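Please look at the sequence and the model as I proceed.

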Amino acid sequence: EGEPLLGRGSGGRWLLRVAVVLALLAVAVVGGWYGYRSVLAQRVRNAPMIRFDGGPAKIGNDQWPDESPAHDVELRPYLIDVNEVTVAEYRVCVEDGACSAPQKGGDCNWEAEERRDDHPLNCVTWDQATSYCNWVKKRLPSEKEWEHAARTSYGDPAAKKADLFPWGGGTP
């Protein structure tokens, strides 16, 4: 009974072929999408990092009351990303379901009127930043590590140049 329906030259056979081709195309598209997402996620997870050796570091300054007193701390070796997390990189985490969308509007880069995918992400909470770091299998730097990295000569942590600002010793 089923044979004449799928027999040579029958409309049912043609429909079956179309259905199989469409199913294979759907599998290819979905697989391609997930493959593309996987490649993006891997690229984000492999963002270049710089290593800072442990040792003494000067933290704080005496110029502003809320940052004083300047004091020495001992840091263990640590890694920190070379570049800030961009809007596009964070978007991959949101689309993956591991991060929540940050605040938008005002001076926030997320969903700004003009496309800001290559801008550093801002307007995130500590929890959102931690979720992102967990997703990329890294961690947030401590305040001391961040300040040390910002004040140390880029590319040469051994230089131990401790300027008040990352761009040098004076205000802009």
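**Salt bridges in the predicted model**

Let us begin with Arg-91 and Asp-117, whose side chains form a salt bridge with an N to O distance of 2.6 Å. This pair joins distant parts of the chain, as the two residues are 26 residues apart. Arg-91 belongs to helix H3, residues 87–96, whereas Asp-117 sits in the loop between H3 and helix H4, residues 126–135.

In general terms, side chains of opposite charge can pair when their charged atoms come close.

Is Arg-91 buried or exposed? Its relative accessible area is 18%, and Arg-91 therefore counts as buried, since the cut-off is under 20%.

Asp-117 has a further partner. It also forms a salt bridge with Arg-115, where the closest N and O atoms are 3.0 Å apart. Arg-115, in turn, is exposed, with a relative accessible area of 63%. Taken together, Arg-91, Arg-115 and Asp-117 are linked in a network of salt bridges.

I now turn to another pair. The side chains of Arg-139 and Glu-145 meet in a salt bridge, at 2.8 Å from N to O. Here Arg-139 is partly exposed, at a relative accessible area of 48%, while Glu-145 is buried, at 9% relative accessibility.

Finally, how many salt bridges does a search of the whole structure find? The search finds eight, among them the ones I have described. Thank you for your attention.

Notes:
Residues are numbered from 1 along each chain as its sequence is written. This is a predicted model: local features need pLDDT of at least 70, side-chain atom pairs count only at pLDDT 80 or more; totals for chains, interfaces and linings use all residues. Side-chain values use heavy atoms; hydrogens and water are left out. A salt bridge is a side-chain nitrogen of Lys or Arg within 4 Å of a carboxyl oxygen of Asp or Glu. Helices (H or I, at least four residues) and strands (E, at least two) are DSSP runs, numbered from the N terminus. Buried means under 20% relative accessible area, exposed over 50%, partly exposed in between (1.4 Å probe, protein chains only).
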